[in-house]
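The following is a walk through a predicted model.

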Amino acid sequence: MRLAADVSNHTGPLLPESFEQMESWGVKHLIAGIIDPAIAYEQLSMAFERGWEVDMYAQYNAMLHDDAFSLIQRCLTAGAGLPINQVFVTVEQPTSISGYREKFDAIWRQFTKARMTFSGRRVQLGIYTSRLNWLSLMGNTSDYRDAPLMYANYDHVQRLDAVLWRQQGFGGWWKPALKQYEAGSDNLGYVLDSGQRVDFSVSP
């Protein structure tokens, strides 16, 4: 079992005491959102300097008419010079949107064609979503089952195994890569002693 911390521009630059607290819990993996590439770069750089594994998630928002080119450029800026292994493209919206599946399919094709590389290694593309979002926005398609899955289920259970996935599974995935299990009761993130908010994920 491995633990990861998930941060965004709302978290802000991570403080040393935030890293120290998370490390005391065994966290050594940071996944940063790229809405603000400068903040994401600072977060990821600090984690890498401490010997953490570093990945990203690209927040696709169909309501804001996000395009693949701008999302990819943000990723490249946020991860410049860092050994990013995975970029998770998000499938999540507050409300149902007409034609979302087709829009996302097009975004995914462009990400695939971009063949992003970080530190000389081609990045692996994954999906970040929840069961509710996948069913309502993507019709529970299994077309993406070969992509690594990071899914949100705030059950506060620090576990991810075959038994749990049989209860929570969707989309034809045989097994997920990560489960985001902790985001605080207000869904704004777990509050560290430093006052910074982070989400937590677990991988097998």
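The aromatic pairs number 15. In one of them, W108 and Y144, the ring centres are 5.3 Å apart and the planes meet at 85°; planes over 60 degrees apart count as edge-to-face, so this pair is edge-to-face. W108 belongs to helix α4 (residues 100–114), while Y144 sits in the loop between α5 (131–138) and β8 (149–152), so the contact ties together parts 36 residues apart in sequence. W108 is buried, at 14% relative accessible area, and Y144 is buried as well, at 7%.

Y151 and F170 form another edge-to-face pair, with 6.1 Å between centres and 75° between planes. Here strand β8, which holds Y151, is linked to the loop between α6 (162–168) and β9 (178–182), which holds F170, 19 residues away. Both residues are buried.

The largest nonpolar core has 56 residues, and V87, F104, F111 and I127 touch the most other members. Beyond its neighbours within four places in sequence, F111 contacts A58, L71, I72, C75, V89, M116 and L125. A separate second core has 8 residues, including A4, F88, M150 and L178.

Helix α2 covers residues 37–49. At 1.5 Å a residue its 13 residues should span 18 Å, which agrees with the 18 Å between its end C-alpha atoms. A side-chain oxygen of D36 caps the N-terminal end, 3.1 Å from the backbone nitrogen of A38. Among the buried residues of α2 are I39, L44 and A47; its buried residues pack against β1, α1, β2, β3 and α3. After α2 comes G51, with a positive phi near 85°.

Definitions and conventions. Residues numbered from 1 in each chain as written. Predicted model: local features only at pLDDT ≥ 70, side-chain atom pairs only at ≥ 80, totals over all residues. Heavy atoms only, no water. Helix = DSSP H or I, 4+ residues; strand = E, 2+ residues; numbered from the N terminus. Expected span 1.5 Å × (residues − 1). Buried < 20%, exposed > 50% of the residue type's maximum accessible area, 1.4 Å probe, protein only. Contact = heavy atoms within 4.5 Å. Polar contact = N/O pair within 3.5 Å; in protein donor to acceptor, adjacent residues only side chain to side chain. Core = buried A, V, L, I, M, F, W, Y, C linked by side-chain atoms within 4.5 Å. Phe/Tyr/Trp six-rings, centres within 6.5 Å; stacked < 30°, edge-to-face > 60°.
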